[in-house]
Amino acid sequence: MDNDVSAGSGITTVVGRLALGITLLAFGLGHTEVINGVTAADAVSIAQYVGGVALFVAGLMAFRDRDNASGTAFTALGALWFTWAVAPEVSANAAGLFLLLFALVALSLTLAGGDQLGQGTYGLFFVSLLLLSIAMFAGNDGLAKVGGWFAVAAGAVAWYAATAALAHWPTSVPRRAAGRGVTATG
């Protein structure tokens, strides 16, 4: 494992990833309903203040530090969480559309590149939002739980990325050169 700790604009990216990790963990665990009496609705205050306000501010700070990738990700996701938290009760189809549109944002963040942990976080979040969107359209609680687990996984990756940057843990898997490690026998 490589100890390359590329944290974008430093502490701003760490704070943003911690905020995203906490929000995704709360949101995902609420959808899985694995904790008795805890639902996705219980994550509203975390989504509003940690996911919405803190991520948006971290995004603005990243833009100030000329880190356009983190700035774009954190402000867009801050807008997602804040809107989700303060939106009035809407129909299942409207909620499904909202989740689908932000799934496209998560897909864009995944395809934009960056470090492996960031791409992993956004990729898992994309799958989560896509599954949750389909679950809303179809009224399928089982699919919503699966989407919740993908959000939990995305939150765990975001949390690890932030903690790894602070603790100087490995943040990337080394890539082997083509042909290395393969021995021909004759």
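Buried means that a residue has under 20% relative accessible area, exposed means over 50%, and partly exposed lies in between (1.4 Å probe, protein chains only). These legends describe a predicted model, in which local features need pLDDT of at least 70 and side-chain atom pairs count only at pLDDT 80 or more, while totals for chains, interfaces and linings use all residues. Residues are numbered from 1 along each chain as its sequence is written, and side-chain values use heavy atoms, with hydrogens and water left out.

**View 1. The salt bridges of the model.** The structure holds two salt bridges, a salt bridge being a side-chain nitrogen of Lys or Arg within 4 Å of a carboxyl oxygen of Asp or Glu. In one of them the side chains of R17 and D115 meet, with 2.7 Å from N to O. This pair links distant parts of the chain, since R17 belongs to helix 1 and D115 to the loop between helix 4 and helix 5, 98 residues apart. R17 counts as buried because its relative accessibility is 14%, whereas D115, at 22%, counts as partly exposed. D65 forms a salt bridge with R64, and there the closest N and O atoms are 3.2 Å apart. D65 is partly exposed, with a relative accessible area of 32%, and R64 counts as exposed at 56% relative accessibility.

**View 2. The whole chain as a set of helices.** The chain has six helices and zero strands, where helices (H or I, at least four residues) and strands (E, at least two) are DSSP runs, numbered from the N terminus. Buried residues make up 40% of the 186 residues in the chain. Among contacts (heavy atoms within 4.5 Å) between residues at least 6 apart in sequence, 70% join residues at least 24 apart.

**View 3. The largest nonpolar core.** A nonpolar core is a set of buried Ala, Val, Leu, Ile, Met, Phe, Trp, Tyr and Cys residues joined through side-chain atoms within 4.5 Å. The largest such core has 27 residues, of which L20, L55, L77, W81, Y122, F125 and L129 touch the most other members. Helix 1 (11–32), helix 2 (44–64), helix 3 (68–86), helix 4 (92–111), helix 5 (116–138) and helix 6 (141–167) each supply at least two residues of this core. Leaving aside residues up to four places away in sequence, Y122 touches L20, A73, F74, L77, A106, L109 and T110.

**View 4. Helix 3 and its cover.** The buried residues of helix 3 include G71, F74, L77 and W81, and what covers the buried residues of this helix includes helix 1, helix 2, helix 4 and helix 5.

View 5. Rings of Phe, Tyr and Trp (its six-membered ring) pair if their centres lie within 6.5 Å, and planes under 30 degrees apart count as stacked, over 60 as edge-to-face and the rest as tilted. By this rule the count comes to six aromatic pairs. The rings of F27 and W84 have centres 5.1 Å apart and planes at 85°, so this pair is edge-to-face. Because F27 lies in helix 1 and W84 in helix 3, the pair ties together parts that are 57 residues apart in sequence. F27 counts as buried at 2% relative accessibility, while W84 is partly exposed, with a relative accessible area of 22%. F27, W81, W84 and F125 form one aromatic cluster.
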